[in-house]
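I opened this notebook to record what I looked up, beginning with the chain as a whole and then turning to a few single residues.

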Amino acid sequence: MLKTATRGMITPNRIKHALHCMGFLFVIIFMMKHLVSFAELKSKNADAWKTYGPTMYTMMVAIRLLVLLALPQVVLNFLGLICFNAFPEKVTLKGSSLLTPLICIRIVTRGDYPQLVRDNVARNMARCSEAGMDNFLIEVVTDKMIGLPNHRRIREIVIPSTYTPKSGAKYKARALQYCLEDGVNILADNDYIVHLDEETIMTVNSIRGIVNFILDGKYDFGQGLITYANDKIVNWTTTLADSIRVADDMGKLRAQFYFFHKPILSWKGSFIVSRVEAEKRVSFDNGMKGSLAEDCYFAMKAYQLGCTFNFIDGDMWEKSPFTIRDYIEQRKRWIQGLMLVVISPEISWRYKFWLSMSLYAWITIPLTLSNIFLSFFFPIPMPIWLNCLCIFIGSVNLYMYFFGTIKSISVYRIGVCRYSLCLVSVIYVVLIATIMENIAVIKSVFGSKKAFYIVKKDSNNLIVA
């Protein structure tokens, strides 16, 4: 009776969602009203064909049209943030965790930060106990011995230096594939794996969401929200820059999984829950093309094989890169990895078409941003619908930084003054993030290829902001 009664109730979380929707729509309408008028005014008397000549005019129109590459992911972000409650209630279990098969929490690490891994294993073990999870195992897969405590729920797997997958897969893909090999894997086909990075911290909500996902049993793979400002914050600039990733999870990720149950625009490499049988069927043994962005390649391959996906309630905690350089190099690796996925002949264009649009929208950021300069100093008349779509894309992306910041940072944790400062700083952060993204794009296209850059993960010796 209580559940039925609360369905129609106006809760604080629903009020927050309503306010967020109104704010979101206000930003879009406000920017539409002022920027469309500005664009029309600037180009009203412009005879661009005569003024700039056919070649220059064609190039400027092409650059304007490049903005539309981002439209599919922007639409999904808009729908995900509007259609589904952006401030959901605490996750409640839909059944007993005793009814789940074995849940293996698998952490992959190079072993460069053994104390970090030991600390986080202990923290995650405590969270599992707090959430009432019973049937679980924590596996740490490492290139170097960590020295984890001897415990019935902890298994340390050291990858032999001589191990090479059949396809020659490298880096994290190699480690993940090693776990699936006969003689190493101890899981049954109906068990589940929770994939975490070495710095990922589970929460009680995420554990309950995982249990609910497994009890539901309808989908092969699931993924949930990751936030970057709930634990120690090392670098405020990179943390606030990553706020757009939080909005991306609540927007695009939820929309594609709730509407289609397919990773049409891929997913990310942590907070993945997979059924063992499905993971073995897809495999991580995909050669070098599936090694730089092993998570994306895996998702596209699973999509092609007909696997199903869903969103998992609850959030996990991670840290943003500690330095500007790490932030740029991380993005560079992601872009280069996505390039290998998009050009891979093993993945049909039917499955990677929307991903390719997203990638090319990312790669062409330096050109699309030049539209700000071009529209001001070199105006050309454009259809009103195109101006509206361009402004819609920019408005959604700008709002996502604000939303991600609101979603990530608790006013109760940092105080009203610092919280307000964070919101005001978003404009500055958008500018810095844009510069960093442009540098990452340039380095990914013209820099060294196939290098798996490892960002620093251990903050014990760093000054925490």
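Predicted model: local features only at pLDDT ≥ 70, side-chain atom pairs only at ≥ 80, totals over all residues.

Next I looked up the overall size. The radius of gyration of the protein chain is 23 Å, and a compact globule with 465 residues would have a value near 23 Å, so the two agree. Taken along the principal axes, the box filled by the C-alpha atoms of the protein chain is roughly 75 × 55 × 45 Å.

I looked up the surface and the charges together. The protein chain has an accessible surface of about 21000 Å², and carbon and sulfur atoms account for 63% of that area. I listed 52 positive and 36 negative side chains in the protein chain, with the centres of the two sets lying 5 Å apart.

Which value does phi of S283 take? I found it near 70 degrees, which is positive although S283 is a residue other than glycine. I located S283 in the loop between α10 (276–282) and α11 (294–304).

Is S283 buried or exposed? Its relative accessibility is 11%, and the cut-off for buried is under 20%, so S283 counts as buried. Around S283, leaving aside neighbours within four places in sequence, I recorded contacts with Q177, L180, F298 and K301. I also recorded that the side chain of S283 reaches the backbone nitrogen of D285 at a distance of 3.3 Å.

My last entry concerns Y171, which is not a glycine and yet has a positive phi of about 60 degrees. I placed Y171 in helix α6, which covers residues 171–180. With a relative accessible area of 28%, Y171 is partly exposed, whereas S283 counts as buried at 11%.

Definitions and conventions
Residues numbered from 1 in each chain as written. Heavy atoms only, no water. Rg over C-alpha atoms; globule rule 2.2 N^0.38 Å. Areas by Shrake-Rupley, 256 points an atom, 1.4 Å probe, with all protein chains shown as cover. Lys, Arg positive; Asp, Glu negative; His and termini not counted. Charge placed at Lys NZ, Arg CZ, Asp CG, Glu CD. Helix = DSSP H or I, 4+ residues; strand = E, 2+ residues; numbered from the N terminus. Buried < 20%, exposed > 50% of the residue type's maximum accessible area, 1.4 Å probe, protein only. Polar contact = N/O pair within 3.5 Å; in protein donor to acceptor, adjacent residues only side chain to side chain. Contact = heavy atoms within 4.5 Å.
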